[in-house]
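Take them point by point alongside the structure.

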Amino acid sequence: MNNLKFTSLIILLLLLINNLTLASENVVIPAGTELVGELVTPLNSKASKVGDPIVFKLAKNLVIDNAIIVQKGTSGRAVVTHAEKATYFGQGGQIGFEPEAIETANGVSIPLTFETRCRGSAVNDANMVVATIGVGIFAAFFHGKNQTFPAGTKFNFFVADDVDLGISKDELGKYFYVIKADRN
């Protein structure tokens, strides 16, 4: 009976070691990998609301180990995290959003991160000060500009965490287009 327990323990340890070895050989997209995206959904601080869904697409291929992991034009998800309309006294509008994820061809979700917050330009702030001094109380009637990001606006963002693709380098060609190196 003790031999059976000992043998079972050894087999379990060997399987665990084998699984750890296999996991370390998988292709990983490192956290902090920079991506370039392009808005599909236009944003405006007057019309957008916190929680609104946003669609973007990749402006460049995501390439890892000479394989195109996510192809240019692939859509991803984002969400509006902050929205304030422009107000009087020349106060510009603000809008912020956060990319959530984009998927690889083999169905792995890549978590993304960044936060962009834009406020009315410095020119608007300077106009507010000049208007307050020059016009006094009537400055309250000068309205700031809302922040707008039209479709096609490009942004850099990053992979939030290491992402294990669940495949080895040898299997990349089964799921992704592998770029052949120049042979000059």
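1. Start with Glu38 and Lys57, whose side chains form a salt bridge at 4.0 Å, N to O (a salt bridge being a side-chain nitrogen of Lys or Arg within 4 Å of a carboxyl oxygen of Asp or Glu). This pair links distant parts of the chain, with Glu38 in strand 2 (residues 34–39) and Lys57 in strand 4 (residues 53–58), 19 residues apart. Helices (H or I, at least four residues) and strands (E, at least two) are DSSP runs, numbered from the N terminus.

2. A word on the source: this is a predicted model, where local features need pLDDT of at least 70 and side-chain atom pairs count only at pLDDT 80 or more, while totals for chains, interfaces and linings use all residues. Residues are numbered from 1 along each chain as its sequence is written, and side-chain values use heavy atoms, leaving out hydrogens and water.

3. Back to that pair: Glu38 counts as buried because its relative accessibility is 19%, and Lys57 is partly exposed at 32%. The cut-offs are under 20% relative accessible area for buried, over 50% for exposed, and partly exposed in between (1.4 Å probe, protein chains only).

4. Next, Lys169 and Asp65 meet in a salt bridge at 3.8 Å, N to O. Lys169 sits in the loop between strand 13 (163–168) and helix 3 (172–175), and Asp65 in the loop between strand 5 (62–64) and strand 6 (67–70), 104 residues apart. Lys169 is exposed at 54%; Asp65 is partly exposed at 39%.

5. Arg77 and Glu100 make another salt bridge, at 4.0 Å, N to O. A search of the whole structure finds three salt bridges.
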